[in-house]
Amino acid sequence: PELATTFLEQPLDNPLMNAAGVWCTLAAQLDALVESSAGAAVTKSCTLSRRDGNPEPRYRALPLGSINSMGLPNEGHVYYLDYAACHDYERKPLFVSVSGLSLDDNLTIVAALREAVLPAFLELNLSCPNVEGKPQPGYDFEAMDQFLAEVATAYRRPFGVKLPPYFDFVHFDNAAEILNRYDNLAFITCINSIGNGLVIDTESESTVIRPKDGFGGLGGDYVLPTALANVNAFHRRCPGKTIIGCGGVSTGEHVFQHLLAGATLVQVGTALHEEGPSIFDRLQKELRELMAKKGYTRIEDFRGRLKTL
Ligand code: RRO
């Protein structure tokens, strides 16, 4: 089976990439993703200036996934724009994730990205759950609409948003209605971590990460059904937009399920953190084996063709 695909008219070897935040904060990590068999890569969400992030421990791997409260540690937007300026786009597409701490910061970063005139894709993160005093714009539809109105106008080129998970049809409907107002909003990444979970260690009777009294974003097996629901909900509601799936992917079967639900690309977070960039080889092998078993020769044979009862 053939895994080659296209994203906004750009060819990719395969639909896999990292989830923003994982293996992408420093140039050496990004280089490892470029060297890997991933079809694309995305840089750590950046702010205007460099940030240390929250105190450690701030990430914990768990039997069923992970919890994190990293707090947006990053090298500042200039570092990632410099990386994007040196990237070989013939090799694979590069996404730049932007998560400014205010609308003004986002507009400054987006203007710099626009002026750099690079083929990089902008993924605007509306869903960081871990910066104290900064609510997720994706959960405040008025703020989200205002962010999008200003960013869409300032950037003008096609861009995408990284959404938090939603859990109610009213929220799917409202979010989709807002996103559909912006013609140059070309792609939607579903989902960021499920924000503000709490993991407790019974033996020590304690939380397992330090920031925010132990509250943090959940990833991994915990989130797969929520991720698939959000991918499919926005696939149904936003027919003109491309969906990127993210959440709970650690096997080729999980990749298949995201594609079936309507994703065009599939991001890997927790499992990449635990296994490293060689995971992209394994996921492609498992996806190819599953497709062969089902008689599919290419992704478009089944992508978005989820059956219902
Ligand atoms: O850095 C983080 O704490 C973080 C971010 Br920006 C995000 O978007 N999602 C997440 O789980 N952690």
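Predicted model: local features only at pLDDT ≥ 70, side-chain atom pairs only at ≥ 80, totals over all residues.

User: What should I know about the numbering and the model before we start?

Analyst: Residues are numbered from 1 along each chain as its sequence is written.

User: OK, sheets. What's the strand order in the eight-stranded one?

Analyst: That open sheet runs β3-β16-β15-β10-β9-β8-β7-β4, with parallel pairing. Strands here are DSSP runs of E with at least two residues, helices are runs of H or I with at least four, and both are numbered from the N terminus. Two strands pair if DSSP finds at least two bridges between them.

User: And which strands stand at the edges?

Analyst: β3 (16–18) and β4; each has a single partner strand, so one side of each is left without a neighbour in the sheet. On average, neighbouring strands are turned by 25 degrees against each other, direction ignored. Axes for that are lines fitted to C-alpha atoms, for helices over the stretch in contact, and angles run from 0 to 180 degrees between N-to-C directions.

User: How many bridges join β9 to β10?

Analyst: Five, between residues 159–163 and residues 185–190, running parallel. Phe159, for one, has Leu185 in β10 as its bridge partner.

User: What about the four-stranded sheet, parallel or antiparallel?

Analyst: Antiparallel, and open, in the order β5-β6-β14-β11. β5 and β11 (194–198) are at the edges with a single partner strand each, so one side of each lacks a neighbour in the sheet.

User: Switching to rings. How many aromatic pairs are there?

Analyst: The structure holds 16. Rings of Phe, Tyr and Trp (its six-membered ring) pair if their centres lie within 6.5 Å; planes under 30 degrees apart are stacked, over 60 edge-to-face, and the rest tilted. One of the pairs is Phe7 with Phe187, edge-to-face at 5.3 Å centre to centre and 70 degrees between the planes. Phe7 lies in strand β1 (residues 5–7) and Phe187 in β10, so the pair ties together parts 180 residues apart in sequence.

User: Which ring in β7 pairs with Phe187?

Analyst: Phe95, also edge-to-face, with 5.6 Å centre to centre and 90 degrees between the planes. Phe95 sits in β7 (residues 94–98), 92 residues from Phe187.

User: Which rings form a cluster?

Analyst: Ring pairs link Tyr139, Phe141, Tyr166, Phe169, Phe172 and Phe234 into one.

User: Last topic: what's the volume of the largest pocket?

Analyst: About 940 Å³. Of its 49 lining residues, Ala20, Gly21, Val22, Asn68 and Gly269 are the closest to its centre. α8 gives the most to the lining, with four residues. A pocket is an open set of points on a 1 Å grid over the protein atoms alone, where a 1.4 Å probe fits, with protein on both sides within 12 Å along at least five of seven lines; lining residues have an atom within 4 Å of a point. Grid points are joined across faces, edges and corners, and the volume is the space filled by probe spheres set on the points.

Technical notes. Heavy atoms only, no water.
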